[in-house]
Every structure is written in C-alpha cells, then in structure tokens.
Amino acid sequence: MTKISHEHKEQIETGTRNLLQAIGDNPNRDGLLETPERVFKAYSEIFAATGETQFNNYKLFPTDQETDMVIVADIPFYAMCEHHLLPFFGTVSVGYIPDGEIIGLSKIPRLVDWAARRPSVQENMTALICSEMERITHPKGVAVYIQSRHMCMEMRGINRPGTYTTTSLYKGLLKTDTLLRQEFMMKVRD
Ligand SMILES: Nc1nc2c(ncn2[C@@H]2O[C@H](COP(=O)(O)OP(=O)(O)OP(=O)(O)O)[C@@H](O)[C@H]2O)c(=O)[nH]1
Ligand SMILES: [Zn+2]
C-alpha cells in the first residue's frame with residue numbers, strides 16, 4: 001500500500017495545528033507540540049490506500065478440484081467514515097465459490113485492510129471488497145457481509161452506544177441460489 005507522500009506532511013501538520021487552535025486549545029503547549037507529526041504518521045497508515053482503485057497484492061493458484069464455497073469469516077477491520085472522519089469498525093466475512101482459481105487465503109484480510117484504509121461508508125466498502133473479489137478470482141459467486149459499529153452514531157449526534165449496522169452484497173450464484181446464500185449466512189452469523 002502506498003503512504004501519504006512526504007510533500008503532504010506539511011499540509012497535514014499545518015491542518016492539525018489549525019484544528020487544535022480552532023477548538024480552543026494551544027498547539028504550542030508541551031503536550032501538543034508533537035501531535036501534528038503524530039497525526040501525519042497515523043493518517044499515513046489509516047488512509048494508506050486512498051485513491052487506489054485496484055488491489056494488487058494477491059496470489060492465485062489454479063485448481064481442478066470442485067469446491068462449493070470458501071469462507072473467511074470475522075475478519076476484524078478499522079475504517080474512518082467519510083462524513084465525520086470518525087472510526088467505524090467491526091468484522092467482514094467474505095465467501096466465494098471458485099471457478100478453477102483460488103486466492104491465497106491471507107490475501108482476503110489484506111484486501112479488507114486495503115478497502116478500509118480510505119475515507120468511506122460501510123456500503124461502499126462492502127461493494128469494493130465484493131467487486132475486487134470478482135475481478136481477481138472470476139468466481140461462480142461472491143458474498144460479503146460486514147457488521148460494524150460507527151463512532152459517529154455512538155459518541156456524538158444520535159448517541160446510541162452499542163448499535164450495529166450490517167451490510168451485505170451477493171453476486172453470481174450467491175445471489176441467485178437461496179440455499180447457498182443461507183449456507184453463507186448460517187456460517188458467518190453468530
Ligand atoms: N449510509 C451510511 N451512513 C453513514 C455511514 N457513516 C455515517 N453515516 C451517516 O451519515 C449521515 C450524515 O448525515 P448529516 O445530516 O449530513 O450529518 P450530521 O448532521 O452529522 O448527522 P447526525 O449523525 O444525524 O448528527 C448520518 O446519518 C450518519 O449516521 C455509513 O457508513 N453509511
Ligand atoms: Zn460518520
């Protein structure tokens with residue numbers, strides 16, 4: 001994943017100082033002196049895949065075995081909502097029915113991290129993981145299910161701690177075959 005370029009370091013640091021000043025704090029007090037640089041470092045990680053449209057860090061293996069469905073369930077993720085720049089976090093479950101090619105299993109959590117490391121909303125993150133699984137593995141079907149808590153709904157605004165939002169997207173056989181879809185949901189839902 002690319003990082004925020006060094007030429008943008010100054011921009012983020014100045015922005016952070018302005019923000020601290022605007023909320024009524026003093027960016028020059030001891031406790032805040034290194035904060036702008038820390039924010040730059042943190043955002044470099046948290047937003048590392050901003051603007052990237054294709055996930056490239058994967059490996060495929062040919063297979064002539066018949067496999068009904070491969071599921072990687074409960075992959076933890078942390079992302080930032082694009083409306084408030086506050087965290088939303090939870091788990092992603094990905095299922096797919098291979099068609100002659102399988103993806104290295106660890107690449108699925110890597111895909112989830114890549115999709116999460118940009119300002120986004122849960123629905124778009126769900127769609128991005130799903131469309132990249134389709135593009136990369138050319139499967140007979142894909143399912144993506146996300147369960148997430150949104151800090152913008154918990155620590156401000158409507159203030160509803162503990163509420164969960166679920167989103168899902170089904171393609172191919174997992175959209176058209178109710179039994180397969182039920183099997184996926186049974187395996188990923190507690
Ligand atoms: N659909 C969707 N909405 C989200 C997501 N993250 C945050 N939101 C919502 O984005 C909306 C933004 O609404 P606005 O009315 O523009 O912003 P706001 O005044 O801060 O809204 P409140 O949160 O209701 O105080 C809110 O309803 C948030 O709950 C997400 O991942 N998906
Ligand atoms: Zn939000």
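Predicted model: local features only at pLDDT ≥ 70, side-chain atom pairs only at ≥ 80, totals over all residues.
Local features were considered at pLDDT of at least 70 and side-chain atom pairs only at pLDDT 80 or more, whereas totals for chains, interfaces and linings use all residues. Residues are numbered from 1 along each chain as its sequence is written, with chains lettered from A and ligands numbered from 1 in the order in which they are written.

Ligand 1 is surrounded by Cys81, His83, Phe88, Val121, Gln122, Glu123, His150, Cys152, Met153, Gly157 and Ile158 (C-beta atom, placed from the backbone, within 6 Å). At least two residues of this shell come from each of helix 4 (122-137) and helix 5 (151-154); helices are DSSP runs of H or I with at least four residues, and strands are runs of E with at least two, numbered from the N terminus.

The UniProt record (unreviewed entry) places a "binding site" at Cys81, His84 and Cys152; such annotations may be inferred rather than shown by experiment. Although these positions span 72 residues in sequence, no two of their C-alpha atoms are more than 8.0 Å apart, so they gather at one spot. His84 lies in the loop between strand 2 and strand 3 (87-97), and Cys152 in helix 5.

In helix 2, Pro36, Tyr43 and Ile46 are buried (20 or more other C-beta atoms within 10 Å; exposed, 12 or fewer; partly exposed, in between; C-beta atoms placed from the backbone). These buried residues fall within an arc of 85 degrees seen down the helix axis, so they line one face (directions from the axis to the C-beta atoms). Arg38 and Glu45, on the other side, are exposed.
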